[in-house]
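User: Hi, could you walk me through this structure? I'd like to hear about its contacts and its core.

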Amino acid sequence: MDLWNLGDPIRDTAAPDGPIETRWERRRFAAKLVNPANRRKLTVIVVGTGLAGGSAAATLAEAGYRVRSYCYQDSPRRAHSIAAQGGINAAKNYRNDGDSIHRLFYDTVKGGDFRARESNVYRLAQVSVNIIDQCVAQGVPFAREYGGLLDNRSFGGTQVSRTFYARGQTGQQLLLGAYQAMERQIGLGNIEMNARHEMLELIVVDGRARGIVVRDLVTGEITTDFADAVVLASGGYGNVFFLSTNAKGCNVTATWRAHRKGALFANPCYTQIHPTCIPESGTHQSKLTLMSESLRNDGRVWVPLAAGDQRAPGEIPEHERDYYLERIYPSFGNLVPRDIASRAAKNVCDEGRGVGPGGLGVYLDFADAIGRLGRPAVEAKYGNLFEMYQRITGEDPYQVPMRIYPAVHYTMGGLWVDYDLQSTIPGLFVIGEANFSDHGANRLGASALMQGLADGYFVLPNTINNYLADGPFPAVDATTPEVVAARTGVEDRLNRLLAVDGDRTVDSFHRELGHLMWEYCGMERTEEGLTKAIGLIRGLRDEFWARVKVPGTGEQLNQNLEKAGRVADFFELAELMCIDALHRRESAGGHFRAESQTPDGEALRQDDEFGYVAAWEFGDRPTLHQEQLDFEYVQPSTRSYK
Amino acid sequence: MAVDTKVRPVRTKVPATRSTVSLKILMAVTGLLLVGFLFAHMIGNLKIFVGAESFDHYAHWLRELGAPLLPEQWYLWIQRAVLTAAVLGHIAAATILARRARKARPVRYAHRPKVQGSYAARTMRWGGVIVLLFVIYHILDLTTGTLNPVGDREHPYANVVADFAPDRWYVTLWYALAVVAVGLHLRHGLFSAARTLGQRTARGERIVRRAALVLSVVLVAGYLSVPFAVLTGLVS
Amino acid sequence: MDIQVRVWRQSGPSDRGRMVTYDVKDISPDASFLEMLDVLNEKLILDGDDPIAFDHDCREGICGMCGMMINGVAHGPERATTTCQLHMRHFRDGDTIDIEPWRAAAFPVVKDLVVDRRAFDTIIQAGGYITAPTGTAPDAHATPVPKADADAAFEAATCIGCGACVAACPNGSSMLFTAAKVAHLGLLPQGQPERQSRVLDMIEAQDEAGFGGCTNMGECTTVCPKGIPLTLIGRLNADYRKAVGKR
């Protein structure tokens, strides 16, 4: 308890009670509306242009609000939603295979290991069907069957086929749809787009979110922007681990700055680690690349039976191999969910049986599939993935087994929001991966795209009205004391970073922080490790502020200054993640505490003690506010895949 | 939710007729017209192998073409006007496009390997200039007869034979170079014209590229056969 | 492996810029091209020099943010590969590699290898969309789309907007980029109502942005990391011709 304080519990007061099927409808009816003529007088700032931010900006502009969008990339089309491969879930039941809104809701709550809110997830399942309609109307080229109708595929954790996809580039196609809708509004003058701008602070005036402080990344100029509401759609914080499947620029700064201004940060320790990524090849490694989960349909995962076996894979005879997923989970085999597969890989590597450089890898072997189906069939199914693997590793997966290893992929935690997607700061809305709302402790495949677009196209544009109906709010300008303070704070911080002029690069700190987090707050967490990590993080953070070297000045394009600010925030987040992981003495979804496992090593939830959302308030010692989760429609049970 | 009733802004700053694509269409159409003329001209040239009388008769017939509907020589002048317009249009469009292209890349690359496409494709502009110079010379030589050693407008056969006489090998060389330049120009130009006019399938592209090659070779062979026949004494 | 790079250094838009030579030692052949630059930058920072600015983000070949001329070839020697997916094993120990930014009037240099590609956004703003405000959509199955059309639309839609086509084009033309979007939307039934205005407006925006015209050389498609085919330009031309005719 000396690391944090226990505060008052919190509730989501925006969600209606009563039958879950009509909650969204009733909320929309109860929410105040804004007359179309008045919308022109209201300004909304949207930070981030991914699936959530892009779709929200376009939809709000279509509705008639004045929108100003920000992104750190050179164009809104670059947001990292673009890299999502697999697909997007929707309860269309086009397959007539028993799917329904209720089943998608059920699968998502269960997949999240019963740590998500029923109301939110139900609404997500409801609007999922509208997303597909909307995207098709925009010209998203989903895969189709010969009859001209939409095709579906299956994904992990479900028994129905409800995933819509566009080859292995679904995220790209969906994002381009939102981007085009957004560009149309930019062309019409309804959105002012500010690319290569980074939000560095939230401006709160009279308790309301009223604007942001941004840095023009090209000129280095610090400016302030004011609005009636601020929407954060800035994505997840997986880059705290340095190596992840996130884009290099992904960062926590926007949400972390809001957190420091009073927004609660919920469940920061829930991290999704994807089992099939290309392993590190050396110390030069700058990011990890995901290989689609679909490979596990035909690939067999194995490691040598004996620790320290250095032979080439082809020289290891069949009886000296351990197909450990098939051995431990005979009924699901290689197709166990992501969290299970990742942890199993870590366990065999910890036993010294890992393969490749540093022993951090396991084989994903297609020899059987090639023998059974023939090379052309395997090529037709996975050709592009095999090519990508070969391009990166220089090895031919048709000849030698792929080497894979788990990597940080998605963060379920984020800023706490109510049913209206409003944070604890009035006027600050948080959508997409940046909020914590819908995935509980683990996200199912193909659900991130669904949530981002649900929030941006359908949820936020309806709920934000209720807040904006009270606007326009009193004018704010550059001389408002809160604005001056926010701006000065940003400038001081940048100057401090530049002034250190030490002897270590930003990347070297980031890399070390990442190693630390991976070691102690990664796939398996223990009380001892987390306690140690907190001390190490604090030490490293002090060292960062004493020894970091940021070249150049603040008045120019300075990519190292950008990185330094982001890493500084990652240090603070990392500590909170460890505290959250330490306080949650149970295993749930992506959070595995070694102390809380079944006799055969599976995750063990403690529903009575930890059946809540942990929402943290910023402070020297963070304060925990618990939001109790009630399950009226889905009864928590133990997940088993044996 | 959406009250999006705004109409798209009308964009009228640059008329569509002056867009890069329109200019390319103009080049394609004028180019094809000129290619059509080149083939007709080539077939006429080949009559030289039938004999002096036939060739001269053909030349006279050209002046009477269109009569009695049109007065004598009118057709010829109409054709000349159309061809001149086509040449001017082709050159004007090419000049505007070349200038736009130069403006589109104000700073050059320090390290730039040659364009990986064919030699023909990257010599379109200079090739075009060579062809133009040749056409001017060619008109002065065999149309007006100004630069021809014989220059007898009534006896084109004699003009041709005198032109490509062995001791005037440099004329033949110059002529041959120009014809090859035309061939190269067409090899890419024919494909490019088809693409500009909307050719859009991979299979069609293969056919068009092959056809462009065949037509260019036929044209070059057809035009070169005359001077070389004179040079070797086959025609005298 | 040890290599030498000659990199375009330009402190800002108004600087004239020049090529500067650096030695890069001890690079793993498994490192990506950008990781090689990371290593060089770490050294430059510790030596008190200005690190080389270059754009990059996803580093898995899909965001379209990275891109540089490597020995005069957009995205380097590997076909259908973005700069971030290019690995050092494709170079030899002792090689000298020239690195330059995209060169086009429409893509002004911001710093070193970073260019401003907002001109692409303005082309999309002009018409690279289907007008379908949120909430107005009919059921997704209301209009079946022949599989061949959907697949062809998808192929065209895989363009990542990196700008390599412009960088490689001898005319600095963005035709392949524009054609890919015109084809993507024009192949779908949902894109038909705006098909004519789209192509006219996008070409106008492309010309206004200062891109050159297409001479059908095919340099663009050769370097395109997504292999967008040259045939799409023919499709754009046909659409344009018809649209002008009907106007």
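Predicted model: local features only at pLDDT ≥ 70, side-chain atom pairs only at ≥ 80, totals over all residues.

User: Let's begin with Leu415(A): leaving aside its neighbours within four places in sequence, which residues is Leu415(A) in contact with?

Analyst: Residues are numbered from 1 along each chain as its sequence is written, with chains lettered from A and ligands numbered from 1 in the order in which they are written. Two residues are in contact if their C-beta atoms, placed from the backbone, lie within 7 Å. By that rule, the partners of Leu415(A) are Leu232(A), Thr255(A), Ala258(A), His259(A), Ala263(A), Phe265(A), Ala266(A), Ser423(A), Val430(A), Ala434(A), Asn435(A) and Phe436(A).

User: Which residues touch the most other members of the largest nonpolar core?

Analyst: A nonpolar core is a set of buried Ala, Val, Leu, Ile, Met, Phe, Trp, Tyr and Cys residues joined through C-beta atoms within 7 Å; buried means that 20 or more other C-beta atoms lie within 10 Å of the residue's own. The largest such core has 333 residues, and those touching the most other members are Val231(A), Leu232(A), Leu415(A) and Cys578(A).

User: How far apart do the C-alpha centres of domain 1 and domain 2 of chain C lie?

Analyst: Chain C is divided into domain 1 (3-110) and domain 2 (117-246), with bounds from an automatic or database domain assignment. Across their boundary, 18 residues of domain 1 of chain C are in contact with 17 residues of domain 2 of chain C. The C-alpha centres of these two domains of chain C are separated by 29 Å.

How values were computed
Buried ≥ 20, exposed ≤ 12 C-beta atoms within 10 Å, placed from the backbone.
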